[in-house]
Amino acid sequence: MGGFVRDPAGMGVITLPKITLLEVNAMAAVITRQIVHSKGASHDLCISDLSDCLIFDRHGLSKTFNSLFQHNKAIIVFVRNFLCYTCKEYVEDLGKIPQQMLQESNVRLVVIGQSSWCHIEAFCSLTGYSHEIYVDPERQIYKKLGMRRGETYMETPCSSPHVKSGVLLGSLRSLWRAVTSPVFDFQGDPLQQGGALIAGPAPEVHFAHFDMNRLDHMPINWLLQLAGLQTLDFSEAHKIIDI
(Lines give C-alpha, C1' and ligand atoms only; values in the text may rest on other atoms or scores of the structure.)
Protein backbone atom coordinates (compact mmCIF):
# COMPACT_ATOMS: atom_id res chain seq x y z
CA MET A 1 0.00 0.00 0.00
CA GLY A 2 1.41 3.39 -0.93
CA GLY A 3 0.10 6.84 -1.72
CA PHE A 4 0.67 10.55 -1.68
CA VAL A 5 -0.60 13.74 -0.05
CA ARG A 6 -0.72 17.25 -1.51
CA ASP A 7 2.06 19.51 -0.33
CA PRO A 8 0.34 22.18 1.81
CA ALA A 9 2.63 24.79 0.27
CA GLY A 10 1.24 23.96 -3.14
CA MET A 11 4.60 22.82 -4.52
CA GLY A 12 3.47 19.37 -5.63
CA VAL A 13 2.91 16.05 -3.94
CA ILE A 14 4.73 14.17 -1.19
CA THR A 15 5.10 10.43 -1.77
CA LEU A 16 4.21 8.23 1.18
CA PRO A 17 6.25 5.08 1.91
CA LYS A 18 4.88 1.71 0.88
CA ILE A 19 3.36 -0.26 3.69
CA THR A 20 1.34 -3.47 3.83
CA LEU A 21 -2.25 -3.75 5.04
CA LEU A 22 -1.04 -6.09 7.79
CA GLU A 23 1.35 -3.43 9.08
CA VAL A 24 -1.40 -0.80 8.94
CA ASN A 25 -3.66 -2.99 11.07
CA ALA A 26 -0.83 -3.70 13.53
CA MET A 27 -0.04 -0.01 13.85
CA ALA A 28 -3.70 0.87 14.39
CA ALA A 29 -3.98 -1.76 17.13
CA VAL A 30 -0.89 -0.47 18.91
CA ILE A 31 -2.01 3.15 18.68
CA THR A 32 -5.40 2.19 20.11
CA ARG A 33 -3.81 0.31 22.99
CA GLN A 34 -1.45 3.16 23.77
CA ILE A 35 -4.29 5.71 23.81
CA VAL A 36 -6.38 3.49 26.04
CA HIS A 37 -3.86 2.61 28.72
CA SER A 38 -0.43 4.14 28.19
CA LYS A 39 1.20 5.23 31.45
CA GLY A 40 1.67 8.90 30.65
CA ALA A 41 4.13 10.50 28.26
CA SER A 42 7.68 9.21 28.15
CA HIS A 43 9.11 12.56 29.20
CA ASP A 44 7.12 12.31 32.45
CA LEU A 45 8.85 9.06 33.36
CA CYS A 46 11.81 9.68 35.65
CA ILE A 47 14.43 6.94 35.79
CA SER A 48 17.13 8.89 37.61
CA ASP A 49 16.01 7.39 40.93
CA LEU A 50 16.81 3.90 39.58
CA SER A 51 20.54 4.55 39.60
CA ASP A 52 21.08 2.45 42.72
CA CYS A 53 19.10 -0.54 41.40
CA LEU A 54 21.22 -3.59 40.60
CA ILE A 55 20.67 -6.16 37.89
CA PHE A 56 22.44 -9.52 37.60
CA ASP A 57 23.83 -11.37 34.59
CA ARG A 58 23.89 -15.10 33.88
CA HIS A 59 26.95 -15.53 36.12
CA GLY A 60 25.40 -13.73 39.08
CA LEU A 61 27.54 -10.62 38.60
CA SER A 62 25.84 -7.31 39.29
CA LYS A 63 25.81 -3.95 37.53
CA THR A 64 23.72 -0.83 37.87
CA PHE A 65 20.57 -0.46 35.82
CA ASN A 66 21.56 2.96 34.50
CA SER A 67 24.79 1.53 33.04
CA LEU A 68 22.63 0.02 30.28
CA PHE A 69 21.89 3.43 28.76
CA GLN A 70 24.61 5.68 30.19
CA HIS A 71 26.50 6.16 26.92
CA ASN A 72 24.11 4.89 24.24
CA LYS A 73 20.48 4.30 23.39
CA ALA A 74 18.98 1.04 24.66
CA ILE A 75 15.81 -0.93 23.96
CA ILE A 76 14.99 -2.53 27.30
CA VAL A 77 12.30 -5.20 27.45
CA PHE A 78 10.95 -6.37 30.81
CA VAL A 79 9.36 -9.83 30.71
CA ARG A 80 6.82 -11.36 33.07
CA ASN A 81 8.67 -14.51 34.06
CA PHE A 82 10.87 -17.05 32.31
CA LEU A 83 8.22 -19.79 32.42
CA CYS A 84 5.57 -17.70 30.67
CA TYR A 85 4.94 -19.04 27.16
CA THR A 86 4.11 -15.57 25.79
CA CYS A 87 7.43 -14.22 27.06
CA LYS A 88 9.28 -17.20 25.61
CA GLU A 89 7.79 -16.68 22.15
CA TYR A 90 8.29 -12.91 22.29
CA VAL A 91 11.94 -13.30 23.26
CA GLU A 92 12.40 -15.87 20.50
CA ASP A 93 11.56 -13.10 18.02
CA LEU A 94 13.80 -10.61 19.83
CA GLY A 95 16.59 -13.12 19.30
CA LYS A 96 16.11 -12.83 15.52
CA ILE A 97 17.34 -9.22 15.51
CA PRO A 98 20.82 -9.18 13.95
CA GLN A 99 23.59 -8.06 16.28
CA GLN A 100 25.25 -6.22 13.41
CA MET A 101 22.19 -4.05 12.89
CA LEU A 102 22.26 -3.01 16.54
CA GLN A 103 26.00 -2.35 16.55
CA GLU A 104 25.86 -0.19 13.43
CA SER A 105 23.27 2.04 15.10
CA ASN A 106 24.95 1.94 18.53
CA VAL A 107 21.75 0.61 20.11
CA ARG A 108 21.71 -2.03 22.84
CA LEU A 109 18.97 -4.63 23.09
CA VAL A 110 18.41 -5.80 26.66
CA VAL A 111 15.93 -8.24 28.21
CA ILE A 112 15.30 -8.08 31.95
CA GLY A 113 13.49 -10.78 33.88
CA GLN A 114 12.59 -11.04 37.55
CA SER A 115 13.76 -14.52 38.47
CA SER A 116 17.01 -15.74 39.97
CA TRP A 117 20.03 -15.34 37.68
CA CYS A 118 20.48 -19.12 37.64
CA HIS A 119 17.56 -19.43 35.20
CA ILE A 120 19.05 -17.14 32.54
CA GLU A 121 21.20 -19.72 30.78
CA ALA A 122 18.36 -22.21 30.31
CA PHE A 123 16.00 -19.49 29.08
CA CYS A 124 18.50 -18.28 26.48
CA SER A 125 19.12 -21.85 25.34
CA LEU A 126 15.37 -22.40 25.01
CA THR A 127 14.67 -19.19 23.07
CA GLY A 128 17.87 -18.84 21.05
CA TYR A 129 18.27 -15.32 22.44
CA SER A 130 21.93 -14.21 22.39
CA HIS A 131 21.73 -10.48 23.18
CA GLU A 132 22.10 -8.92 26.63
CA ILE A 133 19.91 -10.32 29.40
CA TYR A 134 19.74 -9.64 33.14
CA VAL A 135 17.43 -10.20 36.08
CA ASP A 136 15.93 -7.99 38.77
CA PRO A 137 15.14 -10.72 41.34
CA GLU A 138 13.64 -8.38 43.94
CA ARG A 139 11.57 -6.56 41.28
CA GLN A 140 12.93 -3.21 42.46
CA ILE A 141 12.93 -1.72 38.97
CA TYR A 142 9.52 -3.15 38.14
CA LYS A 143 8.08 -1.60 41.31
CA LYS A 144 9.77 1.79 40.96
CA LEU A 145 8.60 2.09 37.36
CA GLY A 146 5.07 1.22 38.48
CA MET A 147 4.66 -1.87 36.33
CA ARG A 148 1.38 -3.65 36.79
CA ARG A 149 0.92 -6.73 38.95
CA GLY A 150 -2.09 -8.73 37.81
CA GLU A 151 -3.79 -8.74 34.43
CA THR A 152 -6.33 -6.33 32.95
CA TYR A 153 -8.06 -7.00 29.63
CA MET A 154 -9.76 -4.36 27.53
CA GLU A 155 -13.20 -4.72 25.89
CA THR A 156 -11.43 -5.38 22.59
CA PRO A 157 -8.85 -8.08 23.39
CA CYS A 158 -5.30 -7.18 22.42
CA SER A 159 -3.07 -9.72 20.76
CA SER A 160 0.64 -10.01 20.18
CA PRO A 161 1.97 -10.67 16.65
CA HIS A 162 4.81 -12.60 18.28
CA VAL A 163 2.77 -15.13 20.28
CA LYS A 164 1.91 -18.23 18.26
CA SER A 165 0.50 -20.57 20.91
CA GLY A 166 -3.04 -20.55 22.23
CA VAL A 167 -3.71 -20.11 25.95
CA LEU A 168 -4.35 -23.79 26.70
CA LEU A 169 -1.40 -25.27 24.83
CA GLY A 170 0.92 -22.46 25.91
CA SER A 171 -0.04 -22.85 29.57
CA LEU A 172 0.47 -26.61 29.42
CA ARG A 173 3.92 -26.13 27.96
CA SER A 174 4.78 -23.64 30.70
CA LEU A 175 3.62 -26.09 33.34
CA TRP A 176 5.65 -28.88 31.78
CA ARG A 177 8.78 -26.72 31.81
CA ALA A 178 8.12 -25.91 35.47
CA VAL A 179 7.83 -29.53 36.62
CA THR A 180 10.81 -30.70 34.54
CA SER A 181 13.08 -27.84 35.63
CA PRO A 182 15.96 -28.84 37.94
CA VAL A 183 14.77 -26.10 40.29
CA PHE A 184 10.96 -26.16 40.59
CA ASP A 185 9.77 -22.59 40.90
CA PHE A 186 7.85 -20.05 38.85
CA GLN A 187 11.08 -18.32 37.77
CA GLY A 188 9.60 -15.00 38.85
CA ASP A 189 6.33 -13.65 40.21
CA PRO A 190 3.62 -15.12 37.91
CA LEU A 191 1.40 -12.06 38.47
CA GLN A 192 4.03 -9.51 37.46
CA GLN A 193 3.59 -7.81 34.07
CA GLY A 194 6.41 -6.44 31.97
CA GLY A 195 6.92 -3.57 29.57
CA ALA A 196 9.44 -1.82 27.36
CA LEU A 197 11.61 1.30 27.52
CA ILE A 198 13.74 3.10 24.99
CA ALA A 199 16.23 5.18 26.94
CA GLY A 200 19.58 6.90 26.66
CA PRO A 201 22.11 8.21 26.34
CA ALA A 202 21.98 9.32 29.99
CA PRO A 203 18.59 9.29 31.76
CA GLU A 204 16.51 10.45 28.78
CA VAL A 205 13.44 8.29 28.14
CA HIS A 206 12.26 8.27 24.54
CA PHE A 207 9.41 5.79 24.92
CA ALA A 208 7.72 3.71 27.61
CA HIS A 209 5.05 1.03 27.42
CA PHE A 210 3.80 -1.02 30.38
CA ASP A 211 1.92 -4.23 29.62
CA MET A 212 -1.65 -4.64 30.80
CA ASN A 213 -1.62 -8.42 30.43
CA ARG A 214 0.48 -11.30 29.09
CA LEU A 215 -0.45 -10.58 25.44
CA ASP A 216 0.10 -6.83 25.59
CA HIS A 217 3.70 -6.81 24.34
CA MET A 218 4.81 -3.87 22.26
CA PRO A 219 5.29 -5.17 18.68
CA ILE A 220 9.02 -5.46 18.11
CA ASN A 221 9.00 -3.59 14.81
CA TRP A 222 7.51 -0.59 16.59
CA LEU A 223 10.34 -0.66 19.10
CA LEU A 224 12.87 -0.89 16.28
CA GLN A 225 11.30 2.03 14.44
CA LEU A 226 11.12 4.18 17.57
CA ALA A 227 14.80 3.46 18.21
CA GLY A 228 15.69 4.51 14.66
CA LEU A 229 16.32 1.00 13.33
CA GLN A 230 15.06 -0.90 10.31
CA THR A 231 12.15 -3.27 10.75
CA LEU A 232 12.27 -7.03 10.22
CA ASP A 233 10.04 -9.73 8.82
CA PHE A 234 9.77 -12.08 11.79
CA SER A 235 8.30 -14.88 9.71
CA GLU A 236 11.79 -15.22 8.23
CA ALA A 237 14.69 -14.33 10.49
CA HIS A 238 16.80 -11.32 9.53
CA LYS A 239 14.66 -10.32 6.52
CA ILE A 240 14.43 -6.51 6.45
CA ILE A 241 11.15 -4.86 5.47
CA ASP A 242 11.41 -1.98 2.98
CA ILE A 243 8.76 0.61 3.90
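Modeller: M101 has its place in helix α3, residues 99-105. Helices (H or I, at least four residues) and strands (E, at least two) are DSSP runs, numbered from the N terminus. This is a predicted model, in which local features need pLDDT of at least 70 and side-chain atom pairs count only at pLDDT 80 or more, while totals for chains, interfaces and linings use all residues. Residues are numbered from 1 along each chain as its sequence is written, and side-chain values use heavy atoms, with hydrogens and water left out.

Biologist: Is M101 buried or exposed?

Modeller: M101 counts as buried, at 8% relative accessibility. Buried means under 20% relative accessible area, exposed over 50%, and partly exposed in between (1.4 Å probe, protein chains only).

Biologist: Which residues is M101 in contact with, leaving aside its neighbours within four places in sequence?

Modeller: Those residues are L224, L229, Q230 and L232, where contact means heavy atoms within 4.5 Å. M101 and Q230 are 129 residues apart in sequence, yet their C-alpha atoms are 8.2 Å apart in space.

Biologist: What about the chain as a whole: how many helices and strands does it have?

Modeller: The chain has 7 helices and 11 strands. Of its 243 residues, 47% are buried. Among contacts between residues at least 6 apart in sequence, 69% join residues at least 24 apart.

Biologist: Let us turn to α4. Which of its residues are buried?

Modeller: In helix α4, residues 120-127, the buried residues are I120, F123, C124 and T127. Seen down the axis of α4, they fall within an arc of 100°, so they line one face of the helix. The arc is that of the directions from the helix axis to the C-beta atoms. The face turned away from the buried side carries the exposed residues A122 and S125.

Biologist: What covers the buried residues, and what follows the helix?

Modeller: The cover includes β3 (54-56), α2 (85-94) and β7 (132-135). α4 is followed by G128, whose phi is positive, near 75°.

Biologist: Now the charged pairs. How many salt bridges are there?

Modeller: The count comes to 8 salt bridges, each being a side-chain nitrogen of Lys or Arg within 4 Å of a carboxyl oxygen of Asp or Glu. Side chains of opposite charge can pair when their charged atoms come close. One of the bridges joins E92 to K88, with the closest N and O atoms 2.7 Å apart. Both residues lie in helix α2, 4 residues apart, which is about one turn of the helix. E92 is partly exposed at 21%, whereas K88 counts as buried at 18%.

Biologist: What does D189 pair with?

Modeller: D189 forms a salt bridge with R149, with the closest N and O atoms 2.6 Å apart. D189 lies in the loop between α6 (167-180) and β8 (195-199), and R149 in the loop between α5 (140-145) and α6, so the pair ties together parts that are 40 residues apart in sequence. D189 counts as buried at 14% relative accessibility, while R149 is exposed at 51%. R139, R149 and D189 are linked in a network of salt bridges.

Biologist: Which backbone atom does the side chain of Q114 reach?

Modeller: The side chain of Q114 reaches the backbone nitrogen of D189 at 2.8 Å. This is a polar contact: a pair of N or O atoms within 3.5 Å; within protein, one must be able to donate a hydrogen and the other to accept it, and residues adjacent in sequence count only if both atoms are side-chain atoms. Q114 is found in the loop between β6 (107-113) and α4, and counts as buried at 4% relative accessibility.
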